[in-house]
Amino acid sequence: MKHFLSSSGRVLSFVFDRMLFQVCLYFYCKFLWRCLKFVMRKLTGRCELQRICYNTKPGASRTMKIETSLRDSKSKLLQTSVSVHPDAIEKTIEDIMELKKINPDINPQLGISLQACLLQIVGYRNLIADVEKLRREPYDSDNPQHEEMLLKLWKFLKPNTPLESRISKQWCEIGFQGDDPKTDFRGMGLLGLYNLQYFAERDAVAAQQVLSDSLHPKCRDITKEEISKFSKAEWEKKRMDKAIGYSFAIVGINITDLAYNLLVSGALKTHFYNIAPEAPTLSHFQQTFCYLMHEFHKFWIEEDPMDIMEFNRVREKFRKRIIRQLQNPDMALCPHFAASEGLINM
């Protein structure tokens, strides 16, 4: 018993010492950082915001540094500036310039740069709110607008095939699970329908091709290097294997979930801060969904899964690849396909 109490005491002591060390290290680093900022201001004659704007190129690199600087500032004005209403941004910048004792006539570019950054920062927060609102709104079959969107989705994807009735097994032809698609929208609400319709309407040719491939999958070409790794029996089996398709609409809702989580986690800041000259909008989010649908479709073919049960593995691998790409501050997920026209600002 004494040995147990002694061991427990040592463990608690270790945990306490570790916590104390981390707290001390946090305050030390914070104090050291403030001292460094003070020294840099004295040496350069510029505050941190000026140094970022003048020394960092426009885009995600600059905006994310400005966002961190404002959020971590000891000034309440700077802390709250990242969440002001868009209409108050201009006044907020004037207040920041006054607080930092910066003459706007001598530093006109600073105000312009700060405004662009704040529009993106505030816009990103507002975009999350807009997307969340759509996600939380359930599909309502008694709502004429919802029903109209669903029927348009069919027309865009199957323009030459009339829908025989609202409740129909035909919905399975575009990847829904049953005869009434409303049940498939429960996870992502209206957001899933908005994204699917946007893809089918704005990038109709590609959407119809992806749908066709999902229904009639083709085996990917096997490279010479891969052939050399197979035995004769394995090669014969591989050659005869049938490629695995997937349910287009269900995967679209699943990719909507992926895009939503990338947005909420902040991973998409890199992309949006690089492509949106001002505030990112719902259209930018939907264009990103189109890109993810394109890329996932190609990735699925490359992975060549044995069966649909491998979907979660393929999706997780795809998610990790996208996150790795977004960790590059210069990254922009914006290939030039139809859905992205008019939205890209490289």
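This is a predicted model: local features need pLDDT of at least 70, side-chain atom pairs count only at pLDDT 80 or more; totals for chains, interfaces and linings use all residues.

**Entry 1: cysteines.** I began with a term: a disulfide is a pair of cysteine sulfur atoms within 2.5 Å. In general, a disulfide is a covalent bond between the sulfur atoms of two cysteines. I searched the whole structure and found zero disulfides. Cys172 has a relative accessible area of 33%, so I noted Cys172 as partly exposed. Cys290 has 0% relative accessibility, so I wrote Cys290 down as buried.

Entry 2: The mean pLDDT of the protein chain is 83, and 76% of its residues reach 70 or more. Where is confidence lowest, and where is it highest? I found the lowest in helix 11 (residues 232–240), at a mean of 48, and the highest in helix 12, at 97. I also marked residues 36–43, where the pLDDT is below 50. Beyond near neighbours in sequence, that stretch has nine contacts in the model. Residues 336–346 also have a pLDDT below 50, and this stretch has 28 contacts beyond near neighbours in sequence.

**Entry 3: the whole chain.** Of its 346 residues, 42% count as buried. I then turned to contacts with a separation of 6 or more, and residues 24 or more positions apart account for 67% of them. The accessible surface comes to about 19,900 Å², and 57% of that belongs to carbon and sulfur atoms.

**Entry 4: helix 8.** How many of its residues are buried? I got 11 of the 14, so helix 8 is largely enclosed by the rest of the structure. Among the buried ones are Gly189, Asn195, Tyr198 and Phe199. I also looked for what covers them, and the cover includes helix 6 (108–136), helix 7 (144–157), helix 9 (204–215), helix 12 (248–265) and helix 14 (282–303).

**Entry 5: helix 3.** The 12 residues of helix 3 should span 16 Å at 1.5 Å a residue, and the end C-alpha atoms are 16 Å apart, which agrees. Its buried residues include Arg62, Glu67 and Leu70. I saw that the buried residues of helix 3 pack against helix 2 (48–55), helix 4, helix 5 (89–99), helix 6 and helix 13 (269–275).

Entry 6: Ser113 was my next stop, and I located Ser113 in helix 6. Is Ser113 buried or exposed? Its relative accessible area is 5%, so I put Ser113 down as buried. Leaving out residues up to four places away in sequence, Ser113 touches Cys53 and Arg62. With Arg62 there is a polar contact between the two side chains, at 3.4 Å.

I finished with Ser75, in the loop between helix 3 (60–71) and helix 4 (76–80). Its relative accessible area is 17%; buried means under 20%, so Ser75 counts as buried. A polar atom of the Ser75 side chain lies 3.3 Å from the backbone nitrogen of Leu77.

How values were computed:
Residues are numbered from 1 along each chain as its sequence is written. Side-chain values use heavy atoms; hydrogens and water are left out. Helices (H or I, at least four residues) and strands (E, at least two) are DSSP runs, numbered from the N terminus. Buried means under 20% relative accessible area, exposed over 50%, partly exposed in between (1.4 Å probe, protein chains only). A polar contact is a pair of N or O atoms within 3.5 Å; within protein, one must be able to donate a hydrogen and the other to accept it, and residues adjacent in sequence count only if both atoms are side-chain atoms. Contact means heavy atoms within 4.5 Å. The expected span of a helix is 1.5 Å times one less than its number of residues. pLDDT is the predictor's confidence in each residue, from 0 to 100. Accessible areas come from the Shrake-Rupley method with a 1.4 Å probe; for residues, only the protein chains shown count as cover.
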